[in-house]
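Dear colleague,

Please find the structure below, handed over for your study.

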Amino acid sequence: MRQQIIAGNWKMNKTTAQAVEFARELKQSIDNNVPVEVVICPPFTALAPLAEELKGSGIALGAQNMHWEDQGAFTGEISAPMLKELGCRYVILGHSERRQYFGETDAGVNKKVKAALEHGLIPIVCVGETLEQREAGVTEQTVAGQLKGALAGLEQEQVAGLVIAYEPVWAIGTGRTASDQDAQQVNNFIRKVIAEEYGAAAAEAVRIQYGGSVKPANARGLLSQPDIDGALVGGASLKVEDFKGIIDAIG
Ligand code: PEP
């Protein structure tokens, strides 16, 4: 049985003080018995204070990106051991905004996935098609290519422990969500690709989120689909009430 995972991607939002205030409020408002793993992925600057604030709460911490090298002359970058030291459990890799604005490629994402696993971080690997690709009928081809590129060379057990986030680019930050059926169809396709490449056990175990304008109003329908194991949430993860509304949609 796969445990659902709801992760908040704050992107470049919240000062450290705002982040700590959010965490304090969220801790008090969520029910610890809910069968769901909750993750917050704040900007790098808020990781250390949030690690402190979230101690013992059951809420996990994740980063939004990292470099594949452990250290070196890479101005402005952060490495896996640095994230691990701060108490991160997860790291988002290959988000479409990083692909779009910072030129990230499948090969680069693959190096990051390997480095994250080597240091005990769980990658949340993002894949998804643009509107043009969907309209051209190449959604599956696009997603399969990104997936195979990002996971190349991994062992079956490593793939089993990953989180994949299916995030159609046209649904991110637009208020336009994939229908429950469309999201389920692509998540199911992702599971089939993983079964073909890494075996049935890995496909059964890997958790596949949906992301793209998830909010309390549409969360229940999406999260009740058989191949949707949680959500990667951007905008609606910035307010405790909305984020909690999505967590509460499970079960
Ligand atoms: C995201 O950034 O991963 C995301 C899904 O954003 P939003 O929920 O705002 O569409």
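Strand 7 is largely enclosed by the rest of the structure, because 5 of its 5 residues are buried. Buried here means under 20% relative accessible area, exposed means over 50%, and partly exposed lies in between (1.4 Å probe, protein chains only). Helices (H or I, at least four residues) and strands (E, at least two) are DSSP runs, numbered from the N terminus.

Before going further, please note that this is a predicted model, in which local features need pLDDT of at least 70 and side-chain atom pairs count only at pLDDT 80 or more, while totals for chains, interfaces and linings use all residues. Residues are numbered from 1 along each chain as its sequence is written, and side-chain values use heavy atoms, with hydrogens and water left out.

Which strands pair with strand 7? Strand 6 (residues 163–166) runs parallel to strand 7 and is joined to it by 4 bridges; two strands pair if DSSP finds at least two bridges between them. Isoleucine 164 stands opposite isoleucine 208 of strand 7. Strand 8 also runs parallel to strand 7, with 2 bridges between them, and leucine 232 in strand 8 is the bridge partner of glycine 211.

Strand 7, helix 11 and strand 8 together make a right-handed β-α-β unit. A crossover is right-handed if, with the strands pointing away from the viewer, the path from the first strand over the helix to the second runs clockwise.

Strand 8 (residues 230–233) has Gly230 and Leu232 pointing one way and Ala231 and Val233 the other, and all are buried. Strand 8 pairs with strand 1 in the parallel sense over 4 bridges, and valine 233 in strand 8 is the bridge partner of glycine 8.

**Two helices with a buried face**

In helix 12 (residues 240–247), the residues Val240, Phe243, Ile246 and Ile247 are buried. Seen down the axis of helix 12, these buried residues fall within an arc of 130°, so they line one face of the helix. The arc is that of the directions from the helix axis to the C-beta atoms. The buried residues of helix 12 pack against strand 1, helix 1, strand 2, helix 11 and strand 8, where contact means heavy atoms within 4.5 Å.

Helix 2 (residues 47–54) has Leu47, Leu50, Glu53 and Leu54 as its buried residues. They line one face of helix 2, because they fall within an arc of 125° when seen down its axis. Their cover includes helix 1, strand 2 (36–41), strand 3 (60–63) and helix 3 (80–85). Glycine 56, whose phi is positive, near 75°, follows helix 2.

Valine 159 has its place in helix 8 (residues 156–160) and is buried, with a relative accessible area of 0%. Leaving aside its neighbours within four places in sequence, valine 159 is in contact with Leu151, Leu154, Ile194, Tyr198, Ala202 and Val206.

Is arginine 191 buried or exposed? Arginine 191, which lies in helix 9 (residues 180–198), counts as buried at 8% relative accessibility. Leaving aside neighbours within four places in sequence, its contacts include Glu204, Asp227 and Asp229.

Most residues other than glycine have a negative phi. Serine 213, however, has a positive phi near 55°. Serine 213 is found in the loop between strand 7 (207–211) and helix 11 (216–223), and counts as buried at 17% relative accessibility. Lysine 11 also has a positive phi, near 55°. Lysine 11 is found in the loop between strand 1 (4–9) and helix 1 (16–29), and counts as partly exposed at 21% relative accessibility.

Lys11 is one of the residues nearest the centre of the largest pocket, together with Met12, Gln64, Arg98 and Phe102, and 19 residues line that pocket. On a 1 Å grid over the protein atoms alone, a pocket is an open set of points where a 1.4 Å probe fits, with protein on both sides within 12 Å along at least five of seven lines, and lining residues have an atom within 4 Å of a point. Helix 4 (residues 96–102) gives the most to this lining, with 4 residues.

Yours sincerely
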